[in-house]
Amino acid sequence: MRLVTRIAVNTACATALLALVSCGAGADSGPYGDLSGPEVANKALTTTKKVKSMRLALDLDSTDGRIRADFSSSTSGDCTGTISMSPKGTVEIIKTGDSVYMKYDEALLRQESEGEPAEEVDATVKLLAGRWMESKASDPDTKDMIEFCDLKGLLKSIEANDTEARKAGEEKVDGKPALRLTEKDGKETHTFHVAAEGAPYILRIVSTGGEEPMTLNLSEFNQPVGAEKPAAKDIVDLGQ
């Protein structure tokens, strides 16, 4: 059985965040009326880059299908979250230290076992569905599944050197007031929402018009991740 599914969610997030450094110039508006578009963008990038943890919720229409991911991740590498791949299924992930725990649902187990004898697939589903499997973060197959846990690497890739950000009015994100910044990149339009109250964090990134439209919500900045090892009774001993 091949329990490997390539999901480049970290790459998607990094691309979306980095797109902000090439946005377009604009007029003053809203809570950042005394700042230009590039000044707001750079302020938001600098502030967001300093966080120690955050929640990232991704909804991506990839060329391989729809991917939804919802993770709480820290710069120490700990994380907890889920990845859903339509129509394949869902996997839950916990990473604490160098240990990774993954729990596949039945749909994903059957998808990943496609082509194998039916009796073997049924046995695999019976053994693993809804139970945690333990592995090391350094394992090549595991690395592909924990890209969203590398918050430190994602934030490190951000550079606050915007020169063209365009203001595009105000809008609420999950009930919180925010300023919109936009850019055009060929057929694609990127919209970035910066918190208008409190610290100027990036709250939402939306990309439309391209081959892989996406929405990425950022929240729960500097909140505890709470990644803990599952109970021993819920972990499958793959060695046996």
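**Exercise 1. Find the order of the strands in the sheet, and say which strands stand at its edges.**

Solution. In this predicted model, 12 strands form an open sheet with mixed pairing, in the order S7-S8-S9-S10-S11-S1-S2-S3-S4-S5-S6-S12. Strand S7 (166-173) and strand S12 (235-236) stand at the edges with a single partner strand each, so one side of each is left without a neighbour in the sheet. Strands here are DSSP runs of E with at least two residues, numbered from the N terminus, and two strands pair if DSSP finds at least two bridges between them.

Before going on, note that residues are numbered from 1 along each chain as its sequence is written. Because the model is predicted, local features need pLDDT of at least 70 and side-chain atom pairs count only at pLDDT 80 or more, while totals for chains, interfaces and linings use all residues, and side-chain values use heavy atoms, with hydrogens and water left out.

**Exercise 2. Describe how S2 is joined to S1 and to S3.**

Solution. Begin with strand S1 (residues 53-62), which pairs with strand S2 (residues 65-74) in the antiparallel sense over 10 bridges; a hairpin through two residues joins S1 to S2. Within this pair, Asp61 has Arg66 in S2 as its bridge partner. Next, S2 pairs with strand S3 (residues 79-86), again in the antiparallel sense, over eight bridges, and Ile67 has Met85 in S3 as its bridge partner. The hairpin of S2 and S3 has four residues between the strands, and Gly77 in the turn has a positive phi of about 105 degrees.

**Exercise 3. Is S10 mostly covered or mostly open, and which strands does S10 pair with?**

Solution. First consider accessibility: five of the seven residues of S10 are buried, and the strand is mostly covered. Buried means under 20% relative accessible area, exposed means over 50%, and partly exposed lies in between (1.4 Å probe, protein chains only). Then take the partners in turn. Strand S9 (residues 188-195) runs antiparallel to S10 and is joined to S10 by six bridges, with His193 opposite Arg204 in S10. Four bridges join S10 to S11, and these strands also run antiparallel; here Val206 stands opposite Thr215 in S11. The hairpin of S10 and S11 has five residues between the strands, and Gly209 in the turn has a positive phi of about 90 degrees.

**Exercise 4. Locate Glu211, and name the residues that gather with Glu211 in a patch of negative charge on the surface.**

Solution. Glu211 is found in the loop between strand S10 (202-208) and strand S11 (214-219). Its relative accessibility is 73%, and therefore Glu211 counts as exposed. On the surface, Glu211 gathers with Asp61, Asp64 and Glu212 in a patch of negative charge.

**Exercise 5. Which residues other than glycine have a positive phi, taking Asp174 and Asn222 in turn, and where do they lie?**

Solution. Asp174 has a positive phi near 50 degrees and has its place in the loop between S7 and strand S8 (176-185). With 63% relative accessibility, Asp174 counts as exposed. Asn222 has a positive phi of about 60 degrees although it is not a glycine, and Asn222 is found in the loop between S11 and S12. With a relative accessible area of 40%, Asn222 is partly exposed.

Terms used. Patches are made of residues with over 30% relative accessible area and no salt bridge: like charges are joined within 9 Å, nonpolar side chains (Val, Leu, Ile, Met, Phe, Trp, Tyr) within 5 Å. Accessible areas come from the Shrake-Rupley method with a 1.4 Å probe; for residues, only the protein chains shown count as cover. A salt bridge is a side-chain nitrogen of Lys or Arg within 4 Å of a carboxyl oxygen of Asp or Glu. Lys and Arg count as positive and Asp and Glu as negative; His and the chain ends are not counted. The place of a charge is taken as NZ of Lys, CZ of Arg, CG of Asp or CD of Glu.
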